[in-house]
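Dear colleague,

Please find below the structure that I am handing over to you. My notes on it follow directly after.

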Amino acid sequence: MCPQTDLPEYAFIGRSNVGKSSLINMLTGRNKLAMTSSTPGKTMLVNHFIINKEWYLVDLPGYGFAQRGKREMDKLWNLISHYVLEREQLTCLFVLIDIRHEPQQKDLDFFQFLGENGVPFAIIFTKADKISRQKIQNSVKAYLNVLGEMWEELPPHFITSATSKMGKDDVLNYIDSINKNL
Ligand code: GTP
Ligand code: MG
């Protein structure tokens, strides 16, 4: 069940193991807020965390686990799509992408779904500490090129690392700037 308030919500989603829990912990500065785990896809709920009494950080379950059965996948997708499409307070959905990977069809399909339904979203590239600066640039460029074939306007994007805290202020300032204009 979601809280019954009208505070703005910023939700985080990505495929299993993308670094979502680590990113949430980095943004909030708390180690146990979102449990990091080595068991993929433990989050099966929509979790709300209130931040500074101003906004909710929403931890969504991951999409697209090959390991899961179809029924469970369907259930998860219902949960995700219901939140994403119906939650009026949803102000921006951050989609996490592991910066080391080439654009994956499942992610592109999800972006397509968001675009078609007019869901405001931004991209957070994770684990930037794992590759060189040059590779970061190449990887982001490759991604934006593919998205550029889908739309004329590109979504905002952020390059982050939970290990080095890269991008922390960028993401938090982005959220603050939206909140100030609401
Ligand atoms: P699930 O909830 O299990 O689907 O995973 P998740 O997306 O929440 O990822 P999680 O934060 O648990 O991280 C998965 C693995 O990647 C862990 O071993 C983390 O330590 C590692 N990891 C996450 N973020 C980073 C990062 O920025 N840099 C590095 N080097 N490792 C990271
Ligand atoms: Mg997690």
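This is a predicted model: local features need pLDDT of at least 70, side-chain atom pairs count only at pLDDT 80 or more; totals for chains, interfaces and linings use all residues.

Residues are numbered from 1 along each chain as its sequence is written, chains are lettered from A and ligands numbered from 1 in the order in which they are written, and side-chain values use heavy atoms, with hydrogens and water left out.

A search of the whole structure finds 13 aromatic pairs (rings of Phe, Tyr and Trp, the last by its six-membered ring, with centres within 6.5 Å; planes under 30 degrees apart are stacked, over 60 edge-to-face, the rest tilted). Y10 and W55 form an edge-to-face pair, at 5.4 Å centre to centre and 85 degrees between the planes. Because Y10 lies in strand β1 (residues 9-14) and W55 in strand β3 (residues 55-59), this pair ties together parts 45 residues apart in sequence (strands are DSSP runs of E, at least two residues; helices are runs of H or I, at least four; both are numbered from the N terminus). Ring pairs also link Y10 and W55 with F12, F94, F158 and Y174 into a cluster.

F111 and Y143 form another edge-to-face pair, at 6.3 Å and 80 degrees.

Helix α2 (residues 70-86) meets α3 through W77, I80, S81, V84 and L85 of α2 and F110, F113 and L114 of α3 (contact means heavy atoms within 4.5 Å).

With kind regards

Definitions and conventions: Axes are lines fitted to C-alpha atoms, for helices over the stretch in contact, and angles run from 0 to 180 degrees between N-to-C directions.
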